[in-house]
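Subject: Handing over the structure

Hi,

Here is the structure I promised to pass on to you. Please open it next to this email and follow along as you read.

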Amino acid sequence: MNIETREEALERVLALEKPKCPHCNQEMQIWEVPQITCGDGLGWGEPFLFICFNDECPLFKGGWDELMEQVGQVSSYRCMNYPGTDNFELLPVFSHMGGEGQIITDESMAQQAAQEQAIKSGFSILADCYVNHDLVQLLKMTLDPSEPGRVRLKAAEMLGDLADTEAIDPLRNTKFGMAKLQDAVNEAIKKIHARCFTRECPFCAEIIKKQAKICKHCNKEVAGQ
């Protein structure tokens, strides 16, 4: 049995004509379902739905008073449609902004496409770096915050396998905002030291030989440190 991927599901929904909300007759928007279960735990059944985000929709406007009166809850409804069907249901929301972060717009699609292209391009450059042993480019891509996170993670991993001790200072002196990337950089530094039989002086942080007893930079005893 073929299982539809999320990307394939989006292509299928994009090919459909957007339905109009039966409550306000406004065109509904594609909404990406949060990747969590809901209600009875069985999930939504679809990765993408059509939702009416018209704040003037009678269903949405009237839902606030209705639900406050019925259950004492500050919430309302938005009209929801299962793609390719005439099945319209109610989606509970708890603010005017509820669910808007998952709206699929032309802009968000363009941003996603640009990100995917940047990742593809980045991995292609990394492959060339591996073949050509281009450590300067690998270091640059690891440090560059404009590179996609996945590309920087892979670049850091490759530095651990290929770089020498000259890469350690730039890595140590950079603050990485992403914890996963920081961990990858720390691991890369460990691998470089292990491969080069070096370590960092506990007093002056300069790189010394692993077997050194006296640091050649600060002249302090480092044996057993």
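Phe-60 and Trp-64 are four residues apart in helix H2 (residues 58-71), so about one helical turn separates them. Helices here are DSSP runs of H or I with at least four residues, strands are runs of E with at least two, and both are numbered from the N terminus. This is a predicted model, in which local features need pLDDT of at least 70, side-chain atom pairs count only at pLDDT 80 or more, and totals for chains, interfaces and linings use all residues. Residues are numbered from 1 along each chain as its sequence is written, and side-chain values use heavy atoms, with hydrogens and water left out.

How many aromatic pairs does a search of the whole structure find? The search finds one. Phe-60 and Trp-64 form this pair, which is edge-to-face, with 5.4 Å from centre to centre and 80° between the planes. (Rings of Phe, Tyr and Trp, the last by its six-membered ring, pair if their centres lie within 6.5 Å; planes under 30 degrees apart are stacked, over 60 edge-to-face, and the rest tilted.) Both residues, Phe-60 and Trp-64, are buried. Buried means under 20% relative accessible area, exposed over 50%, and partly exposed in between, using a 1.4 Å probe and protein chains only.

Arg-78 lies over the face of Phe-60, 3.9 Å from the ring centre. (A charge sits over a ring if NZ of Lys or CZ of Arg is within 6 Å of the ring centre and within 35 degrees of the ring normal.)

Now to strand E3. Six of the six residues of E3 (residues 76-81) are buried, so the strand is largely enclosed by the rest of the structure. Ser-76, Arg-78 and Met-80 cover one side, with Tyr-77, Cys-79 and Asn-81 on the other. E3 pairs with strand E2 (residues 48-51) in the antiparallel sense over two bridges; strands pair if DSSP finds at least two bridges between them. Phe-50 stands opposite Asn-81 in E3. Six bridges join E3 to strand E4 (residues 88-93), also antiparallel, and here Cys-79 stands opposite Leu-90.

Last, have a look at helix H4. Its buried residues (H4 spans residues 135-143) are Leu-138, Leu-139, Met-141 and Thr-142. They cover an arc of only 165° around the axis, which puts them on the same side of H4; the arc is that of the directions from the helix axis to the C-beta atoms. The face turned away from this buried side carries the exposed residues Val-136 and Lys-140.

Happy exploring!
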